[in-house]
Amino acid sequence: MRGDEDVLVEQRLGELAGGLRGPTRLKADLLTEARHALLDAVEAYREVGLSPAEAERRAVAEFGSPGQLLPGYQAELAAGALRGLALRALAVAVVLTAGGDLTWRGSSWSDGPRPPEAYLLLSASMNAIWALIAGLALAGLLLGFLAARYGSSRLARLARLAGFGLSGGLAGGLLAGIALFGWSVSLWEAALTWPPMIIGAVLAGAGWFALARAARHWLLTGC
């Protein structure tokens, strides 16, 4: 249980929480680490003979003001949110690229009339779109890791650009996927009752929902 002597600690943590933008879970993790660091500092000062009030005052002062702390904490939030978005994008890219053709295999219309060339071009472009998304996701992960490891602001800016590119690529992929699905249904009404197609649509919808949440979280921290 927090004692009365922790009031300044909680006040500083509240100031940090109010200035940070990003996913609730990531914010909570950062604030928990900050609380532990502050309380450890308070305890260390008490062990050398300072009063509880003075120990807390000194620990909070040395920890830093919100103006000093917020840029670094916000950068950590942005990096964590980009990492989550990139990992989800990679997972969805692999699943949809590998499983896309399976939704059509063995269908009653697969041996029917050849679809329009524009449809075939759009269908073929989906693999290229997902390859681009996967590449941007890997770039974001690598640049974010290197930026954190070496403390490079230049690498952090490049990671941010990769994040914006990834978000744009996902938006384009979503629009292309919706267009392809709608066009497929207009060409083959039986697609709406084909079990693999239904399963694929449900899985794709779940994947896009997770990606939309992750992209929103990153944009809140990265913009």
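**Close-up views of a helical model**

**View 1.** A171 is one of the residues of helix α6. Helices are DSSP runs of H or I with at least four residues, strands are DSSP runs of E with at least two, and both are numbered from the N terminus. The model is a predicted one, in which local features need pLDDT of at least 70 and side-chain atom pairs count only at pLDDT 80 or more, while totals for chains, interfaces and linings use all residues. Residue numbers start from 1 along each chain as its sequence is written, and side-chain values use heavy atoms, with hydrogens and water left out. With a relative accessibility of 41%, A171 counts as partly exposed; buried means under 20% relative accessible area, exposed means over 50%, and partly exposed is in between (1.4 Å probe, protein chains only). A171 and A215 are 44 residues apart in sequence, and their C-alpha atoms are 9.8 Å apart in space.

**View 2.** Helix α4 (residues 66-99) packs with helix α6 (residues 153-187) at an angle of about 40 degrees, and their axes are 11 Å apart. This angle makes α4 oblique to α6. Axes are lines fitted to C-alpha atoms, for helices over the stretch in contact, and the angles between N-to-C directions run from 0 to 180 degrees. Angles under 35 degrees count as roughly parallel, those over 145 as roughly antiparallel, those from 65 to 115 as roughly perpendicular, and the rest as oblique. The crossing of α4 past α6 is left-handed. A crossing is left-handed if the near helix is turned anticlockwise from the far one by less than a right angle, and right-handed if clockwise. On the α4 side, L82, L85, A86 and A89 meet A159, G163, L166, S167 and L170 of α6. By class, the residues of this contact of α4 with α6 are seven nonpolar, two polar and no charged. Ala, Val, Leu, Ile, Met, Phe, Trp, Tyr, Cys and Pro count as nonpolar, Asp, Glu, Lys and Arg as charged, and the others, Gly among them, as polar.

**View 3.** The largest nonpolar core has 46 residues, of which L85, W130, L166, L170 and L211 touch the most other members. Two or more residues come from each of α1, α2 (24-47), α3, α4, α5 (117-150), α6 and α7 (195-222). Helix α4 gives the largest share of this core, eleven residues. Such a core is a set of buried Ala, Val, Leu, Ile, Met, Phe, Trp, Tyr and Cys residues joined through side-chain atoms within 4.5 Å. Apart from residues up to four places away in sequence, L85 touches L166, S167, L170, L211, A214, A215 and W218; contact means heavy atoms within 4.5 Å.

**View 4.** A81 is another residue of helix α4. Its relative accessibility is 6%, so A81 counts as buried. Neighbours within four places in sequence aside, A81 is in contact with P23, L26, H217, W218 and T221. A81 and L220 are 139 residues apart in sequence and 9.1 Å apart in space, C-alpha to C-alpha.

**View 5.** Helix α1 (residues 7-19) and helix α3 (residues 52-63) have axes that come within 8 Å and cross at roughly 25 degrees. That angle makes α1 roughly parallel to α3. V7, L8, V9, R12 and L16 of α1 meet E56, R57, V60 and F63 of α3. The contact of α1 with α3 has six nonpolar, no polar and three charged residues. Q11 lies in α1 and is partly exposed, with a relative accessible area of 44%. Between Q11 and V60 there are 49 residues of separation in sequence and 9.6 Å in space, C-alpha to C-alpha.

**View 6.** Helices α2 and α3 pack at about 135 degrees, with their axes 8 Å apart. The two are therefore oblique to each other, and α2 passes α3 in a right-handed crossing. The contact of α2 with α3 is made up of eleven nonpolar, no polar and four charged residues.
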